[in-house]
There are 4 protein chains.
Amino acid sequence: MKLSYFIIMVSVLNIVSLDLYAHMGYKNFLSLEDAKQIANAAHARAQQENWNVVIVIIDAGGHLIYFLKMDKTMLASNEIAIQKAKTALFYKRPSKVFQDRITDGESGILSLPGMLAFEGGLPIECNGHIIGAIGVSGVTSQQDGIIAAAGLVGF
Amino acid sequence: MKLSYFIIMVSVLNIVSLDLYAHMGYKNFLSLEDAKQIANAAHARAQQENWNVVIVIIDAGGHLIYFLKMDKTMLASNEIAIQKAKTALFYKRPSKVFQDRITDGESGILSLPGMLAFEGGLPIECNGHIIGAIGVSGVTSQQDGIIAAAGLVGF
Amino acid sequence: MKLSYFIIMVSVLNIVSLDLYAHMGYKNFLSLEDAKQIANAAHARAQQENWNVVIVIIDAGGHLIYFLKMDKTMLASNEIAIQKAKTALFYKRPSKVFQDRITDGESGILSLPGMLAFEGGLPIECNGHIIGAIGVSGVTSQQDGIIAAAGLVGF
Amino acid sequence: MKLSYFIIMVSVLNIVSLDLYAHMGYKNFLSLEDAKQIANAAHARAQQENWNVVIVIIDAGGHLIYFLKMDKTMLASNEIAIQKAKTALFYKRPSKVFQDRITDGESGILSLPGMLAFEGGLPIECNGHIIGAIGVSGVTSQQDGIIAAAGLVGF
């Protein structure tokens, strides 16, 4: 078999397999469509509970993809929701982990840069890779966490 | 007529008139529903033109209500779209006004705080009051301006 | 053929093809090894020219992967090199483009957020995707540009 | 003896003595070569332990000389490693000192500017003078401290 045939075959296999990957749900980045799906699921739950919140979706580099603020949510929630999402992304764990460490008396973590020690920020993972994060703020941190988790159900 | 009856009457009239106001399209603030309607109209036009952009809606205080970033839009557009919306809101005029003044040689305006001299930011008005702004970035500033204007059609 | 055999075959093909991808030079992120190779090539050229510079490599989200400051380089170059790399990444083009637009009299671009209008910042691309950027500062912007370009030769 | 001869003699002695100083290992500033030696020793130990970390070397003024981020290290480590190095330099002591004081209940130190209360930042000293600092972040603070110390062995 000639080399050129081999290269063509490999290329075709690559395209086919990447396409299959997509069909199998593999994602290496978070699209606007993904972000909307997650945020809308979270928003629907917030409406159902009658809780006013800000919902934020960021990409793997920490940049905004999608943001919505429900009416009457306090202004502080804009920045809090962003910082919760960044905490989950930059530290590769739910922001609740830091809230629990504070509760356990580990006040030294308050010196960590860009860390917000409240529930409501979750990494968004796909096939073991973190491809973004969701952040929610507006009600109690436990309720914010419920809304954030609702966003990731079915994703 | 007793004072208490009078107070009740005035209260009822107030409620009725506010309701009429709402039915007549009067808004004294931009709701999430409004923001989504404007952003979705802009987004639909961007998709039709096959232009990738960031679309931002801010409230009367300059705070984010709604934000979406189409896939493949350059990262710089996140901040640019926000700054265009803020320019339109804080200076009560389309951001294009400043682009034109630069073109006319008035470079001194570059010292104006929080001013971005490119088309794509528009105030959102209702009954003569500015209640927010839209900012768009991602393609040429003229194209960004077309998308921003499309958002306000029918609002 | 049973479905399970099919799934196994697809999985094997995926692994094989991704491995081939890697062998064919496809990268979807910039590794430390990549960053060092690029920075070392730039550094070697700077030493050859006897130019003292800062060399910065950032990832697709704008975060530092690798940074080196040659002795005697002015302190300002630390931040300039980072901003040149970010300009190239966030605006998806060489930072020289903005220097040229300023030279052509388009002073309005000075209001663009996070934009540094000097040569020396280049996007790092692989298979048509921007996966990071290099920034160089220390000598003239033209010389900085020569060092940055030398980094990308052979990558 | 004429004054001019005297001046020449002193100059020659200065040059000779500075040269002797250098041969005796005296350094009054941290060169890129020094920074790379320290960082590479730390990096080698991190690879040996299979720990992913960011390693930072700053000069006597707190400015970056050298920075490397191993693949898969969490993004937060970029800023944490820099802050650990700055804590060690600005406060002239290992950053672990502050972690220990927090553990001892002295939470008031959280108000100290630019202080990060976690192990992993060490001053770099030469002949009793602090000429820079190393900061490491990515694993536990104790492990970060082991990597930082490994960098200084043999320097």
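A pocket is an open set of grid points, on a 1 Å grid over the protein atoms alone, with protein on both sides within 12 Å along at least five of seven lines. In this predicted model, the second largest pocket has a volume of about 900 Å³.

The lining of that pocket counts 39 residues, and those nearest its centre are A:G62, A:H63, A:I82, A:K86 and B:E79. Elements giving two or more residues to this lining are β2 (64-69) and α3 (76-90) in chain A, β2 (64-69) and α3 (76-90) in chain B, α3 (76-90) in chain C and α3 (76-90) in chain D. The largest share, 6 residues, is that of α3(A).

Chain B also touches chain A directly, with 18 residues from chain B and 18 residues from chain A in the contact. About 1,500 Å² is buried between the two chains, and carbon and sulfur atoms give 56% of that area. On the chain B side, the residues that lose the most area to chain A are B:L32, B:L64 and B:F67, together 31% of what that side buries.

Across this interface there are 0 salt bridges, whereas 8 residue pairs are in polar contact, with both residues at pLDDT 80 or more. The elements of chain B that give two or more residues to the side touching chain A are α2 (32-49) and β2; β2(B) gives the most, with 6 residues.

The residue classes are as follows.

Notes:
Residues numbered from 1 in each chain as written. Chains lettered and ligands numbered in written order. Predicted model: local features only at pLDDT ≥ 70, side-chain atom pairs only at ≥ 80, totals over all residues. Heavy atoms only, no water. 1 Å grid on protein atoms, 1.4 Å probe; cavity = no way out; pocket = protein on both sides within 12 Å on 5 of 7 lines; lining within 4 Å. Points joined across faces, edges and corners; volume = space filled by probe spheres on them. Helix = DSSP H or I, 4+ residues; strand = E, 2+ residues; numbered from the N terminus. Contact = heavy atoms within 4.5 Å. Buried area = accessible area lost by both parts, 1.4 Å probe. Salt bridge = Lys/Arg side-chain N within 4 Å of Asp/Glu carboxyl O. Polar contact = N/O pair within 3.5 Å; in protein donor to acceptor, adjacent residues only side chain to side chain.
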